[in-house]
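The dialogue refers to the structure shown here.

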Amino acid sequence: MAFRFPWQEGGANEAETWAGYVNWRGRPALRAKHGGMLAASFVLVVEIMENLAFLANASNLVTYLTGFMHFSLSRSATAVTNFMGTAFLLALLGGFLSDAFFTTYHIYLISALLEFLGLIILTVQAVFSSLKPPPGEEATGGKAAMLFAGLYLTALGVGGIKGSLAPHGGEQFDESTARGRKARSTFFNYFIFCLACGGLFAVTFVVWVEDNKGWKWGFGISTITILLSIPVFLAGSPLYRNKIPTGSPLTTIAKVLLAAILNRRSNYQSARNAVVDMEQSSPAEDIKESEATVPMPGKELVCLNRAVEGRPLHRSLACDANEVEDVKVVLKLLPIFLSTIMLNCCLAQLSTFSVEQAGTMDTRVGRLTVPPASLPVFPVIFIMTIAPLYDHVIVPFARRVTRTEMGITHLQRIGTGLVLSVVAMAVAAAVEVKRKRVARRVGEGFQGPLPITFFWVAFQYLFLGSADLFTLAGMLEFFFSEAPARMRTLATSLSWASLAMGYYLSSVLVTVVNLATSSGGGGGGRRGWLSGENLNHYHLERFYLLMCVLSALNLVNFVFWAMIYRYRSSKK
């Protein structure tokens, strides 16, 4: 007898089950029991804990590397951006594995354990002074290896979580009904709200603990939090519905692209005749019925239609129209994805140069001294305020005005974020000009923080945080709802991959700008914009203006692609 997976077994009426979904035991998911907002609520709670564990260290990591591992500022900034970029890029791996071989349920559990192990390594190194370099000496050899092993094992876990958790929550809703789609939209809005909740606790309490009680306590809090998230996630197991993996989406994409390039030219009737040749024993009327039901590829990206219109060179390159249409959808998502990378390049500055800016300024609020790494509290509080308002006031109002289901489209939401990023970079340049003016006035020999409040830097945090709210929530729902079902988790991971590309682009821009703006190489040479003895010798304001110009050009590019994009629902 042939082997059968648990979800292939009978026992439940199809009308009572969710087609293509199973419960945590691998049996058919029931409509009356599995899915819905209650199941997704467990995901929202886990997101608070997961982002707390991640952001508590990421937001202050540059301080740890410079203060305890004695890295230079430039090396610390590069290490942080690479760590963040790797973590978000690995979301693609989590999304791919969820679509191809596992479920989002299993990928989250595996990834949480990996992050837990990485944080244990970092905690142990922070506890024992023998595992850290002596004062004044940069970490090298085994100490540096232990540091980076902990960081990148943590990044591997974070990537898997980012790539699986949001899609797992999105899978709990019935997209075939307007009510289910609206509930899913609410879930993604509150997913960002919960992400901000975890971030608020991370950049206030945990960062304060790291700066005042020691990094061993900060790492310890993150380690315990991610460990506790696992039983919280498991508590929702009886309610979850999990999408059955359908095989590698990358294989489908590669097959269609190769078939479109290599298949011999012929008309679509030839492909039908090939089907007839293989089924000569079938009755003539059955053949006609089969021909009548062969789906035709669409008229967009017609160059890919050759994958089904031509006779395949090899049977492994045989494609059907549904596969071709799925690949077309993915390709049309890519320009939108690429248009969001520049915004995330701007966001990368919040965890590097902006923290260093605040570190030179007066961070006192009354009798309280605010750690520079806690500056993200401003956009976090704004996100926590606006997210419920957006879902319960702005979107219902827009639906009434536009008389559409979405009210505000995903692309309009992403575009709003891109506009805010342009404004943020202009504000950041103006603030840096003001900060350096104060630094010149007090002179090089001035000791202590500059007599200028860090609230000036908070403005760029506020604008970029607002941009992140609109763009990230829009991307998550856009990629999830527009992607083909068999590629949905991987496509949703593009939201996080965009963050990764932004962090990597930031590192590249810093290097290129320094090379392009320096000359001579020796002591008499001109220094690059982002080099010098301290931040006051940098030309950070010029770098921010460059980012503003690049962001404006990117906005124009996005508007072009957004105007020609057709939502899948518009074809129905």
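Q: What kind of model is under discussion?
A: The model is predicted.

Q: At what angle do helix α5 and helix α8 pack, and how far apart are their axes?
A: Helix α5, residues 104-127, packs against helix α8, residues 215-235, at an angle of about 160°, and the two axes lie 9 Å apart. Angles over 145 degrees count as roughly antiparallel. Therefore α5 is roughly antiparallel to α8.

Q: Which hand does the crossing of α5 and α8 have, and how do the residues of the contact divide?
A: The crossing in which α5 passes α8 is left-handed. The contact of α5 with α8 comprises 18 nonpolar, 5 polar and 2 charged residues.

Q: How is the packing of α1 and α8 to be read?
A: The reading again starts from the angle and the axes. Helix α1, residues 37-58, packs with α8 at an angle of about 160°, with the axes 9 Å apart. This makes α1 roughly antiparallel to α8. The crossing of α1 and α8 is left-handed.

Q: Which residues of α1 and α8 meet?
A: On the α1 side, the residues include Phe42, Val45, Val46, Met49 and Glu50. On the α8 side, they include Trp215, Phe219, Ile226, Val232 and Phe233. By class, the contact of α1 with α8 holds 15 nonpolar, 5 polar and 1 charged residues.

Q: Which residues touch the most other members of the largest nonpolar core?
A: A nonpolar core joins buried residues through side-chain atoms within 4.5 Å. The largest nonpolar core has 127 residues, of which Tyr64, Leu65, Phe191, Leu411, Trp496 and Phe543 touch the most other members. Helix α18, residues 455-482, gives the most to this core, with 13 residues. Apart from this core lies another, of 13 residues, including Ala260, Val324, Val327 and Met487.

Q: With which residues is Tyr64 in contact, leaving aside its neighbours within four places in sequence?
A: With those neighbours left aside, Tyr64 is in contact with Met69, Gln125, Ala126, Leu147, Trp215 and Phe219. Trp215 and Phe219 are also among the α8 residues that meet α1.

Q: What is the phi value of Arg403, and is Arg403 buried or exposed?
A: Phi of Arg403 is near 55°, a positive value in a residue other than glycine. Arg403 is found in the loop between α16 (377-402) and α17 (410-442). Exposed means over 50% relative accessible area. Arg403 has a relative accessible area of 77%, so Arg403 is exposed.

How values were computed:
Residues are numbered from 1 along each chain as its sequence is written. This is a predicted model: local features need pLDDT of at least 70, side-chain atom pairs count only at pLDDT 80 or more; totals for chains, interfaces and linings use all residues. Side-chain values use heavy atoms; hydrogens and water are left out. Axes are lines fitted to C-alpha atoms, for helices over the stretch in contact, and angles run from 0 to 180 degrees between N-to-C directions. Helices (H or I, at least four residues) and strands (E, at least two) are DSSP runs, numbered from the N terminus. Angles under 35 degrees count as roughly parallel, over 145 as roughly antiparallel, 65 to 115 as roughly perpendicular and the rest as oblique. A crossing is left-handed if the near helix is turned anticlockwise from the far one by less than a right angle, and right-handed if clockwise. Ala, Val, Leu, Ile, Met, Phe, Trp, Tyr, Cys and Pro count as nonpolar, Asp, Glu, Lys and Arg as charged, and the others, Gly among them, as polar. Buried means under 20% relative accessible area, exposed over 50%, partly exposed in between (1.4 Å probe, protein chains only). Contact means heavy atoms within 4.5 Å.
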